[in-house]
Amino acid sequence: MPKPLADIAPNTFEFEVLPLVKPTGFREYDARWWFNGIGKEKAPELNLTGVQALGLGMATLFHELGVEPKVVTGHDFRSISQPIKNALILGLTQGGCEVMDVGLALSPMVYWSQFELDAPCCAMVTASHNENGWTGVKMGANKPLTFGPEEMGRLKEIVMGGAFVEREGGKHYRIEGIREKYIASVADGVKLSRPLRVIAACGNGTAGAFAPDALRAMGADVIEMDCNLDMTFPKYNPNPEDSEMLHAMAAAVKEHGADVALGFDGDGDRCGVVDNTGEEIFADKIGLMLARDLSKQYPGAKFVVDVKSTGLYKTDPVLKENGATVDYYKTGHSYIKRRTNELGALAGFEKSGHFFFRPPIGLGYDCGLVAAKAVLQMLDRNPGKTMADLKGELGTAWTSLTMSPHCDDETKYGIVDKMVEEYEGLNGTEILGRKVVDVNTVNGARVTLEDGSWVLIRASSNKPELVVVVESMASEDDMRDLFHKEIKPRLGKHPEVGAYNQEI
């Protein structure tokens with residue numbers, strides 16, 4: 001395998017025979033590349049030979065880590081995913097791995113299969129909620145964890161340095177029947193005691209082949225919304241954090257008089273929720289509702305949340321009464337997953353919709369269907385209350401959407417470093433009439449004011465973007481001011497920061 005190149009012109013002889021792998025595709029905890037570059041304004045960052053090189057690099061790393069080289073692989077429902085998976089398998093077997101291919105899959109189905117098939121390693125081909133044309137791999141070598149920065153950094157060194165080690169003994173098996181076993185496992189032990197009408201929203205993504213059947217197996221009355229698989233994503237990218245999908249879910253709740261709408265992203269490891277009134281509940285607030293409910297069953301439980309999450313976890317009276325503790329940590333499914341397992345926490349919650357449940361609820365990885373199960377069980381344990389009732393019991397905070405201005409991968413971390421330095425210099429001074437009392441820099445800068453309101457700026461780990469979230473404990477108008485009068489103009493001083501994907 002030749003040493004990969006970072007730039008090859010598409011539609012050329014070289015593009016056909018040499019590996020193309022752009023180094024920026026190696027993110028903090030998974031890999032993402034723009035693949036469909038031919039005929040598009042944006043040039044490709046990866047080709048199929050590059051994918052084979054990636055698989056060989058992964059095999060080299062698995063052997064280097066000293067784990068048994070057994071790998072579960074699967075792919076999401078995109079036109080490019082299956083050929084990319086096949087190229088990845090070619091590289092993995094070239095590197096001496098035993099590859100068990102479970103076919104079309106959700107990421108959590110691949111994670112579950114690691115336990116079912118007794119395989120230490122996984123390689124899921126998915127671009128998650130990224131637009132069509134993107135591809136990527138979520139990977140790990142120590143179930144239920146996925147790679148973090150150390151492993152991703154080493155993989156990048158191996159692949160871009162051409163430090164491949166080919167080995168004998170590579171094998172490839174096609175494994176049948178995993179979908180049915182996974183769905184049965186997710187629904188096992190759930191029998192709802194009251195009728196719940198549930199909207200299953202899948203945005204025409206992979207989850208449409210899994211979520212409706214799993215929810216029906218739990219006893220829910222399921223109304224399907226865009227559950228037919230369509231790799232063109234005719235309405236919007238399946239992403240339950242984006243307002244377009246959430247608004248469509250809200251309309252469906254009102255139309256059908258549903259108790260709740262549950263939305264799933266492109267690879268099914270995230271879950272979004274709209275309540276019975278059609279109000280969107282961001283995942284950090286769902287996490288708080290679940291933590292309150294679970295802390296009654298498991299007194300003294302630990303929970304982990306990401307730095308984008310609401311500050312209400314720290315002040316919630318039910319959590320305090322039940323002796324629950326909450327740890328704020330870095331945003332990112334791999335980080336929260338690792339932290340949840342390291343601390344022996346009962347669950348971890350991420351504002352983007354990743355939910356991590358450890359035994360006895362789950363196996364420690366993020367699964368949108370297990371999160372959906374937890375929401376339905378919470379409703380079942382509170383028979384006299386609706387989702388809106390449970391949300392109404394929380395403290396009051398006005399939290400923004402997650403907003404992402406464009407910023408190139410090559411410059412985004414430098415911009416965040418400058419913002420961190422600037423905000424650290426403001427500690428003890430006032431922002432919009434309130435003193436800055438804390439600047440948490442575990443992941444960018446989360447700047448907390450004396451009334452508990454906060455703003456966050458960090459770099460996206462999987463797209464050429466920054467991430468901005470604000471929360472006010474005072475009012476919705478103040479929440480808007482924190483964005484429009486504070487963080488947006490401060491970021492706007494940097495010409496490298498482009499247009500936002502959405503704004504409040």
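What follows is a chat about a predicted model of one protein chain.

Biologist: Hi! Which kind of model are we looking at, predicted or experimental?
Modeller: Predicted.

Biologist: Thanks. How many helices and strands does the chain have?
Modeller: There are 15 helices and 21 strands. The chain is as compact as a globular protein of its length, because its radius of gyration of 22 Å is close to the 23 Å that the globule rule gives for 504 residues.

Biologist: And what does the C-alpha trace span along its principal axes?
Modeller: About 60 × 55 × 40 Å.

Biologist: What share of the residues is buried?
Modeller: Buried residues account for 61% of the 504. As for the accessible surface, the chain has about 18200 Å² of it, and carbon and sulfur atoms hold 48% of that.

Biologist: What about contacts between residues at least 6 apart in sequence?
Modeller: Of those, 68% join residues at least 24 apart.

Biologist: Switching to charges, how far apart are the mean positions of the positive and negative ones?
Modeller: They are 2 Å apart, with 54 positive and 71 negative charges in the chain.

Biologist: Let's zoom in on Lys330. Where does it lie?
Modeller: Lys330 is in the loop that runs between strand S13 (325–329) and helix H11 (333–342).

Biologist: Is Lys330 buried, exposed or partly exposed, and why?
Modeller: Partly exposed, because its relative accessibility is 25%, and that class runs between 20% and 50%.

Biologist: Which residues does Lys330 touch, leaving out those up to four places away in sequence?
Modeller: Lys330 touches Asp306, Tyr335, Ile336, Val442 and Asn443.

Biologist: How far is its C-alpha from that of Ala31?
Modeller: The C-alpha atoms of Lys330 and Ala31 are 18 Å apart, with the two residues 299 residues apart along the chain.

Note on methods
Residues numbered from 1 in each chain as written. Predicted model: local features only at pLDDT ≥ 70, side-chain atom pairs only at ≥ 80, totals over all residues. Heavy atoms only, no water. Helix = DSSP H or I, 4+ residues; strand = E, 2+ residues; numbered from the N terminus. Rg over C-alpha atoms; globule rule 2.2 N^0.38 Å. Buried < 20%, exposed > 50% of the residue type's maximum accessible area, 1.4 Å probe, protein only. Contact = heavy atoms within 4.5 Å. Areas by Shrake-Rupley, 256 points an atom, 1.4 Å probe, with all protein chains shown as cover. Lys, Arg positive; Asp, Glu negative; His and termini not counted. Charge placed at Lys NZ, Arg CZ, Asp CG, Glu CD.
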